[in-house]
Amino acid sequence: MGFARTCSVALVGVEGVVVEVQADLEPGVAAFTLVGLPDKSLTESRDRVRAAVVNSGAEWPQKKLTVGLSPASVPKGGSGFDLAVACAVLGAAERIDPRVLADIVMIGELGLDGRARPVRGVLPAVLAAADAGYEQVVVPESTAAEAALVPGVSVLGVRSLRQLIAVLTDAPVPEEDELHEPARLDPFLAGLAVPGTGLGTGVAQGDQIPDLADVAGQHLARAALEVAAAGRHHAFFKGPPGAGKTMLAERLPGLLPPLASKQSLEVTAVHSVAGTLPAGQPLIDRPPYCAPHHSATMASLVGGGTGLPRPGAVSLAHHGVLFLDEAAEFSGKSLDALRQPLESGHVVVARAAGMLRMPARFLMVLAANPCPCGRYGSAEGGCECRPSSIRRYQARLSGPLMDRVDLRVTVQPVTRSELLRLHTGAEPTAAVAQRVAAARERAAARYAGTPWTTNSEVPGHELRTRWQVAPGALGRAEEDLERGLLTARGLDRVLRVAWTVADLAARDRPTAQDVDWALELRTGVRRGAGLEVVGA
């Protein structure tokens with residue numbers, strides 16, 4: 001009788017749970033039993049592991065074999081347990097010293113030829129192993145750079161089971177050919193992306209970032225975009241087709257500061273679980289940009305899938321931008337499902353297989369036409385939509401959802417002079433990004449010692465009591481609250497935007513002008529001599 005154990009990690013959403021893989025050999029009819037709540041893909045590892053061990057030159061034990069995954073109450077899925085199962089079996093057969101395996105965490109899939117294949121979620125799996133006190137991790141060589149992002153962990157990248165056996169037995173390590181070209185995406189990750197988001201969605205490729213200088217005119221929308229980036233405020237652009245709404249949203253990620261180290265790990269962990277990490281980029285250091293199609297389902301937006309839920313678009317856009325183009329064409333239920341993560345910064349998905357909490361602190365940008373034909377309210381006219389059709393179209397964006405949107409800007413068509421002018425003097429992304437970074441630094445210094453870093457995160461009670469605006473600055477905002485034009489949430493959001501405007505202007509606290517500008521950005525009504533709809 002032989003017994004050996006090693007460790008692997010089971011992913012539950014974007015978090016990992018260390019699993020002890022135990023192998024027991026007893027005399028009897030040759031059989032392979034796998035217990036511990038495995039799913040279908042994990043159950044099939046019996047055939048993969050047997051073929052991989054034989055094709056690696058090792059002898060498969062002809063005895064009654066039982067492999068247990070503990071704790072047995074945690075659901076386990078995927079092919080990432082193959083390396084641990086193979087080594088535990090070889091340890092029980094005394095092909096490898098069982099004492100060597102006890103303190104090693106192994107994560108990886110095995111091909112029938114014994115090659116080590118990459119799997120999703122290596123970064124959160126290694127983070128879980130480090131939190132549990134393990135210091136040695138074995139992963140496929142193609143994911144070793146991702147695993148090495150975790151400090152305090154010794155990472156061994158292998159190309160095959162044969163190499164791993166040689167390392168564990170102090171034998172000469174054989175050479176193995178690379179599975180794929182380093183500059184190309186690993187083909188074995190192609191089927192691991194979340195349905196509805198697409199492989200690589202939301203991660204900037206290379207150094208080509210759209211420049212804000214390409215946007216002609218749209219001075220009000222550009223100013224709103226700067227405020228949105230500085231304070232991480234949600235924005236809504238409404239206007240006819242071709243006015244530049246999508247161009248503005250695509251240039252928002254370039255205005256955001258680079259991710260901090262902790263944020264980079266969080267974003268990388270989410271994309272690692274979803275299988276959307278770019279080739280050759282183990283760490284995401286830029287804010288992601290996710291723009292799902294308007295036909296996206298609720299599960300693809302907030303997370304879901306069969307069994308335990310997987311990250312959706314709101315999690316893929318964590319610490320980045322979620323752009324919903326043609327927002328009025330989205331399902332009403334899908335849009336309303338965004339209301340909770342917009343407030344809390346995370347999403348809790350409940351399924352029959354379990355309940356998961358996934359990060360979802362994103363900056364949302366909505367873009368929509370004013371009516372089905374897109375010409376309602378334009379200076380040229382020509383709208384032939386019925387009033388009832390216009391009302392139904394605009395009602396698709398519910399009041400509770402829009403109440404969580406801080407900036408609402410009407411984007412008018414660009415004039416001929418603005419579009420054809422050769423030297424417009426429009427500011428490039430780099431110049432605006434510098435002001436955004438300075439405003440963020442002012443906010444971070446003000447909120448030092450608190451759990452908040454940007455103005456959009458600060459509760460309204462704190463802004464009304466701890467950080468107060470200039471005396472009399474809230475006059476018009478209080479009037480709108482009394483008249484029912486602002487909700488209590490709306491007043492808090494106006495305060496947050498006013499603080500962002502003050503940070504961009506390098507003022508110590510918001511003035512009446514800053515609050516009026518914040519009200520104008522929220523309501524679309526110019527605050528000055530008389531009431532005037534902006535852009536009308």
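Colleague: How does the lining of the largest pocket divide into nonpolar, polar and charged residues?
Modeller: In this predicted model, the lining has 23 nonpolar residues, 11 polar and 10 charged (Ala, Val, Leu, Ile, Met, Phe, Trp, Tyr, Cys and Pro count as nonpolar, Asp, Glu, Lys and Arg as charged, and the others, Gly among them, as polar). A pocket is an open set of points on a 1 Å grid over the protein atoms alone, where a 1.4 Å probe fits, with protein on both sides within 12 Å along at least five of seven lines, and lining residues have an atom within 4 Å of a point.

Colleague: Which residues lie nearest its centre?
Modeller: Of the 44 lining residues, K262, Q263, E266, H318 and H319 lie nearest the centre of the largest pocket.

Colleague: And which element gives the largest share of that lining?
Modeller: That is α10, with six residues, while β2, α5, β14 and α18 are also among the elements that each supply at least two. Helices (H or I, at least four residues) and strands (E, at least two) are DSSP runs, numbered from the N terminus.

Colleague: Switching to α7, is it mostly covered or uncovered?
Modeller: Helix α7, residues 161–168, is mostly covered, with six of its eight residues buried, meaning under 20% relative accessible area (1.4 Å probe, protein chains only).

Colleague: Which ones are buried?
Modeller: They are L161, Q163, L164, I165, A166 and L168, and just after α7, D170 takes a positive phi of about 60°.

Colleague: How much of the whole chain is buried?
Modeller: Of its 536 residues, 50% count as buried.

Definitions and conventions: Residues are numbered from 1 along each chain as its sequence is written. This is a predicted model: local features need pLDDT of at least 70, side-chain atom pairs count only at pLDDT 80 or more; totals for chains, interfaces and linings use all residues. Side-chain values use heavy atoms; hydrogens and water are left out.
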